[in-house]
Amino acid sequence: MSESIHTAHGTGKTGTVPPAIELRGIDKRFGAVHANKSIDLRIEKGTIHGIVGENGAGKSTLMSILYGFYQADAGTIHVDGKLCNIRGSEDAIAVGIGMVHQHFMLVEPFSVLENVILGVEGGAVLRDGVDRARHELKRLEQEYSLNIDPDAIVGDLSVGLQQRVEILKALYRGAEILILDEPTGVLTPQEADHLFRILRTLKEQGKTVVLITHKLREIMAATDTVSVMRQGAMVADRKTVETSPEELSELMVGRKVLLHIEKGPAKPADVVLAVENLCVDNAQGVRRVKNASFLVHAGEIVGIAGVSGNGQSELLEALAGIRVVSEGQVFLNGQDVTPGHGVDAAQLRKRGVAHVPEDRHRMGMVTAFTAKEAAILGYDDDPAYQRNLLLDWEAIRTTTQHLMDEFDVRPADPDLKAANFSGGNQQKLVLAREIMRDPALLLVGQPTRGVDIGAIEFIHKRLVAMRDAGKAVLLVSVELDEIMSLSDRILVMCDGVIVGEVAGGMANERALGLMMAGVAPEQAHAEAGQ
Amino acid sequence: METFNLVILILDATLRTSTPLVLAALAGMFSERSGTINLALEGMMLGGAFAAASVAYYLGNPWFGLLAAIAATILLSLLHGFACITHKGNQVVSGMAINILMSGLTALVGIALFAQGGKTPALDRGSRFQPITFPGAEAMADVPVIGPIYSELLSGHNILVYIAFVAVPFSWWVMYRTRFGLRLRAVGENPGAVDTAGISVVLMRYRAVICSGILVGMSGAYLSIAQGASFLQDMTAGKGYIALAAMVFGKWRPFPTMFACLLFGFLDAVATRLQGVNLPGIGEVPVQAIQALPYILTVILLAGFIGKAVAPKSLGRPYVKER
């Protein structure tokens, strides 16, 4: 059966099977933002359809409209050829649409079973429905090989398993169409591969899968057809086999971009940062960084790879002086600067440590501030910014204007509120603030999270330029591509331990993925080599 | 025997003083488990107490008083819900506003209706809830140990005391064994999960604050037409806040919350007993110090003894679809 559908989906109009989803003229505005511009989309039954686009291209908005989370201002939705009026999630569920949200919609203190039945309990008293649900869940697990303990507490599960719960939730509600919004952002490459296997099983069972992502590799690996969105508009539909990552990225951005960073060999000089047996505990007293020891030289970029939540954040924050170090020592140019023992973030800054935090909204800037206020955060006591007892706003404005020109922050208006810049421009401003201080050591966390491709390229170039200027750069990122293309050396962290080191040029994605999952380096290389 | 009787008397008083706390704390639990902070318990109790005393006085029947109390507190809950759920206002501010409003409004209406300085007229026996004597309680009274426990401690309370302690397992059952309870707990943890499951977050939260209103109404009625015989200005004297503290102490769960209420009631009962007693080595303890004891202990217990109280994750946060 699926064979006939396959042949049908290419031409789109042949065959008698109506498309699983057909959107006509979907339009949506949020105030001044035109999130979706008269979108037409056709997704054939029994296929895996990818939707790619940069952050803010309107992919999530479109899918949220399909799932009834938002209402479109104009346009119609047809499911299986029938016109549907989807006003809320319950309507979407009723026509067989299920969605796995980017931020899981799970109740963490509940068991898997409770999460699955929420909304479809099957009776006012739970007992009757629960037994039925347990059987049904068992069946679904076997059918789609989604093994999971129904009585486990969801908050205790890994993100990969939590995602499985979300998929089970949708299937339990009888979903024929499954939408996944950026499903691999929090997964290891192995977990992502497993997810794609699950999606293929779903397809074989006749389900339709819609995969929203900005990762081209996943589109190429997992989908049958792909649609590209740019700035709220649908710009192209392709069959995956007939397109290439280069074409897709060009369509996403509207121009050709460099996917690989041009950089010469590193010229490491003296040791700038020396970390010895560093241990960091979190607020609950759980050890998050365990005996980390490594060196960062002037003139090199050292990348720390790992699935998010494996201690990289804590390590970075400890080195920046915002977290107390429990054990071990940190040396900067040979001087003991172990944070928490008389050394804090302000002193580290004075000694030449610049820090671009992982979460720019929480730590990197105050979004309610104007750009010029955001541009001096942390350096506001610099004499250059003072006039008598007050801040010298003229000097601050001039400096900010200079930073904005230098780092191509758009719009280059120092008086604009930070919140009104796009993610990429906010990040460029934070980066400008830290880099222009000419630090000896630059700590960068997730430099391109929530940043569009054009800005990514720019940020990467600036980081390489820092290295070439003889600075030490420590990079923490969950994006393996970023780590691999920027780093001269890669340290892999898993469960708070640095499990291994790989030279940047020698890095193999599969080996890194295995090491991120805790496999010893030798074994990882051996397995990846096969 | 002397000591035993004293213990029975103190425990008996404990039940009576903890009843309004149990009802109000359960009320708070329903509201807060759904994500709406209910600081208005104090004011709602006052409103309930006033409505109960007034209606019981006019109609001469405590049951009508109880219904009036519940109706009044449901209305107040809906007001709180309108501010916090529909208009996504600050839940603490709304709660405090209701407390201040009810403190003044009950006195104002009281003076206007009864002209007794904010009090309601004293109720006769028929207008109040009377103690219920269990069958055979008098015959059992002389049996050692079991006798006093049965006839003094268990028997001889008014209906609201029994309702309060039956409400605990019932609330547990509703919370953990019904569809309503599952959705209520879910909406307090992650309203997004409830919304995407096709359930209205707003409706769930309104239903939760209405449950809260029903329970706190009974608590108010207990003060004025069961334990007391009239409404007195500000007669709740912080019981709403103590109930809230007990709920936090009980980590938003029915049975631990009940035990916390019993503990606070026990401290209150002991404090009453200790008044005017000469303690060895200390002498006569000032009445004020004794009366402050439950509150001091509340602070100490909350500060140090409950460990980390994990509140429902979305408590205090109005549900806004993210954008």
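What share of the 323 residues of chain B counts as buried?

View 1. Of the 323 residues of chain B, 46% count as buried, a buried residue being one with 20 or more other C-beta atoms, placed from the backbone, within 10 Å of its own. Chain B has a radius of gyration of 20 Å, which agrees with the value near 20 Å for a compact globule of 323 residues, where the radius is taken over C-alpha atoms and the globule rule is 2.2 Å times the number of residues to the power 0.38. Residues are numbered from 1 along each chain as its sequence is written, and chains are lettered from A in the order in which they are written. In this predicted model, local features need pLDDT of at least 70 and side-chain atom pairs count only at pLDDT 80 or more, whereas totals for chains, interfaces and linings use all residues.

**View 2. The side of chain B that touches chain A**. Here 18 residues of chain B are in contact with 23 residues of chain A, contact meaning C-beta atoms, placed from the backbone, within 7 Å. Helix 8 (179–189) and helix 9 (191–196) of chain B each supply at least two residues of this side, helices being DSSP runs of H or I with at least four residues, numbered from the N terminus.

**View 3. Surroundings of B:Ala52**. Leaving aside residues up to four places away in sequence, B:Ala52 touches B:Gly65, B:Leu66, B:Ala68, B:Ala69, B:Gly220, B:Ala221, B:Ser224 and B:Ile225.

How values were computed. Two residues are in contact if their C-beta atoms, placed from the backbone, lie within 7 Å. A residue is buried if 20 or more other C-beta atoms lie within 10 Å of its own, exposed if 12 or fewer, and partly exposed in between; C-beta atoms are placed from the backbone.
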